[in-house]
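Work through the exercises below with the model open. Try each task before reading its solution.

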Amino acid sequence: MDSKASTTTAPLLNQQNRINPPSKPKQKDFLNHLEAYLAKRDGVDKLLKISRYATKIVLASSALPETLPLTQRLKSFESSVGVSRKAFRLGKFVQDVNALRSSKFDSNQELVLALIAYVGEGFYFFAEQFVWLVKSGLIDKKHSRNLQKISAWAEFIGYAGSISLKFRDLSRISEDEKCVKSSIEIAIMRGNGCEEEKEKLSKLREKKMMKRLSVVQDSADALMALADIRDGGGPFLGPLSISLAGMLSALISTHKNWVSC
């Protein structure tokens with residue numbers, strides 16, 4: 001009785017959906033979305049990052065003469081924003097501790113890569129707290145160079161692990177994408193509907209794109225960490241190249257945080 005009722009009801013529901021298709025979810029109001037974005041620590045931090053690296057690009061490009069008063073003001077602004085960004089990293093290492101605790105690993109190799117990524121990034125954020133205290137004047141400046149080197153090495157190692165993990169994730173997503181494509185092809189051959197599979201494929205492609213952007217972002221940040229380790233020496237580690245890498249990273253992370261709000 002129940003099964004018969006459900007079979008007769010299904011066509012009616014499908015017909016009703018064709019006549020009155022379900023309405024798409026409304027987009028968020030821009031100002032409400034902006035408020036939610038700015039309420040997040042990372043949201044404000046990335047806006048500061050954009051303003052800092054935009055300033056660094058102007059300074060590194062030698063577009064303004066050194067003698068111009070505006071040049072000195074821009075240098076002061078860039079330095080102040082850099083110190084302000086370090087304050088946003090207070091306690092941020094805890095998120096890496098929690099991420100590592102909640103992670104599940106399919107293999108020992110993935111466990112090792114996760115340890116490199118999370119411990120490296122966590123130690124970087126932990127060290128940055130002391131760098132901020134040096135910049136703020138509470139700790140003697142003689143410790144500044146050593147702390148910055150430790151911070152840069154931890155950051156670089158963390159990004160190496162993170163990039164490796166994301167390449168593994170991309171490989172998994174590609175495999176899932178192939179399976180869903182195969183399911184769609186079979187459904188089309190049989191004359192069956194495949195709207196659910198198409199929606200799943202669309203989500204996988206979006207996820208794949210975001211993961212690729214994350215790899216680009218991490219690569220740009222790793223390049224900046226390498227520049228700090230080598231004190232700006234080496235190919236592609238000049239002030240303008242690093243400033244452009246910083247801007248690229250800032251724009252990608254801003255986009256990711258905006259979408260996730």
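The exercises cover helix packing, one tyrosine and the cysteines.

This is a predicted model, in which local features need pLDDT of at least 70, side-chain atom pairs count only at pLDDT 80 or more, and totals for chains, interfaces and linings use all residues. Residues are numbered from 1 along each chain as its sequence is written, and side-chain values use heavy atoms, with hydrogens and water left out.

**Exercise 1.** Describe how H3 packs against H9.

Solution. 
- Locate the helices: H3 spans residues 41-60 and H9 spans residues 239-260. Helices are DSSP runs (H or I, at least four residues), numbered from the N terminus.
- Take the geometry: the angle is about 155°, and the axes lie 8 Å apart. Axes are lines fitted to C-alpha atoms over the stretch in contact, with angles from 0 to 180 degrees between N-to-C directions.
- Classify: H3 is therefore roughly antiparallel to H9 (the class for angles over 145 degrees).
- Assign the hand: H3 passes H9 in a left-handed crossing (the near helix is turned anticlockwise from the far one by less than a right angle).
- Sort the contact residues: 12 are nonpolar, six polar and four charged. Nonpolar covers Ala, Val, Leu, Ile, Met, Phe, Trp, Tyr, Cys and Pro; charged covers Asp, Glu, Lys and Arg; the others, Gly among them, are polar.

**Exercise 2.** Is Tyr37 buried or exposed, and which residues does Tyr37 touch?

Solution. 
- Check accessibility: at 2% relative accessibility, Tyr37 is buried (buried is under 20% relative accessible area, exposed over 50%, partly exposed in between; 1.4 Å probe, protein chains only).
- List neighbours, leaving out residues up to four places away in sequence: Gly43, Lys46, Leu47, Thr254, Asn257, Trp258 and Cys261.
- Compare sequence with space: Tyr37 and Val259 are 222 residues apart in sequence, yet 9.3 Å apart C-alpha to C-alpha.

**Exercise 3.** How many disulfides does the structure hold?

Solution. 
- Apply the criterion: a pair of cysteine sulfur atoms within 2.5 Å.
- Count: zero.
- Inspect two cysteines: Cys179 is exposed at 53% relative accessible area, whereas Cys194 is buried at 5%.

Terms used: Helices (H or I, at least four residues) and strands (E, at least two) are DSSP runs, numbered from the N terminus. Angles under 35 degrees count as roughly parallel, over 145 as roughly antiparallel, 65 to 115 as roughly perpendicular and the rest as oblique. Contact means heavy atoms within 4.5 Å.
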